[in-house]
Amino acid sequence: MSNLLQGSLQGYVLVALLLFAIGFFIVLSRRSVLVQFMGVELMLNAANVALLAFARARGGDVQGTVFYLFIIAVAACEAAVGLALVVGLFRHRTTTDTDRADALKL
């Protein structure tokens with residue numbers, strides 16, 4: 001147990017797995033598009049934690065760190081587009097409930 005808490009690869013992978021599981025549970029259990037969007041972001045960050053853990057385990061691989069920075073840039077763009085879609089949905093439907101937003105036609 002103490003090996004997991006001292007920065008070992010298994011500890012980082014465990015944290016990434018927990019973050020991914022929490023994000024997956026949020027996406028499946030919540031009805032609000034905004035909260036589901038936050039769950040997806042949590043899963044994306046879990047993948048980033050795992051990526052950095054494996055890059056660190058390979059001796060501080062620079063390619064892993066560069067790929068991580070690329071993923072962060074893509075995630076920022078994805079967040080901007082996703083939040084714009086949520087705002088647009090709220091303006092037309094006055095709710096962010098996914099049960100009421102099942103049709104693509106407005």
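1. Residues 35-55 form a span that is 100% helix and 0% strand, with end C-alpha atoms 30 Å apart. Helices (H or I, at least four residues) and strands (E, at least two) are DSSP runs, numbered from the N terminus. This is a predicted model, in which local features need pLDDT of at least 70 and side-chain atom pairs count only at pLDDT 80 or more, while totals for chains, interfaces and linings use all residues. Residues are numbered from 1 along each chain as its sequence is written, and side-chain values use heavy atoms, without hydrogens or water.

2. The unreviewed UniProt entry lists residues 12-28, 35-55 and 67-90 under "transmembrane region". UniProt positions follow the numbering used here, feature names are shortened, and annotations may be inferred rather than shown by experiment. Residues 12-28 are likewise 100% helix and 0% strand, and their end C-alpha atoms lie 24 Å apart.

3. Does the length of α2 agree or disagree with its residue count? The 25 residues of α2 should span 36 Å at 1.5 Å a residue, and the end C-alpha atoms are 36 Å apart, so the two agree. The expected span is 1.5 Å times one less than the number of residues. Just after α2, Gly 59 has a positive phi of about 90°.

4. Buried residues of α2 include Phe 37, Glu 41, Met 43 and Asn 48. Buried means under 20% relative accessible area, exposed over 50%, and partly exposed in between (1.4 Å probe, protein chains only). The buried residues of α2 pack against α1 (9-29) and α3 (62-93).

5. Glu 41, in helix α2 (residues 33-57), is buried yet has no salt bridge. A salt bridge is a side-chain nitrogen of Lys or Arg within 4 Å of a carboxyl oxygen of Asp or Glu. The nearest side chain of opposite charge, Arg 30, is 17 Å away; Lys and Arg count as positive, Asp and Glu as negative, and His and the chain ends are not counted. Leaving aside neighbours within four places in sequence, Glu 41 is in contact (heavy atoms within 4.5 Å) with Ala 75, Glu 78 and Ala 79.

6. The model has 1 aromatic pair. The rings of Phe 67 and Phe 70 have centres 6.5 Å apart and planes at 25°, so they are stacked. Rings of Phe, Tyr and Trp (its six-membered ring) pair if their centres lie within 6.5 Å; planes under 30 degrees apart count as stacked, over 60 as edge-to-face and the rest as tilted. Phe 67 is partly exposed at 44% relative accessibility, and Phe 70 is exposed at 53%.
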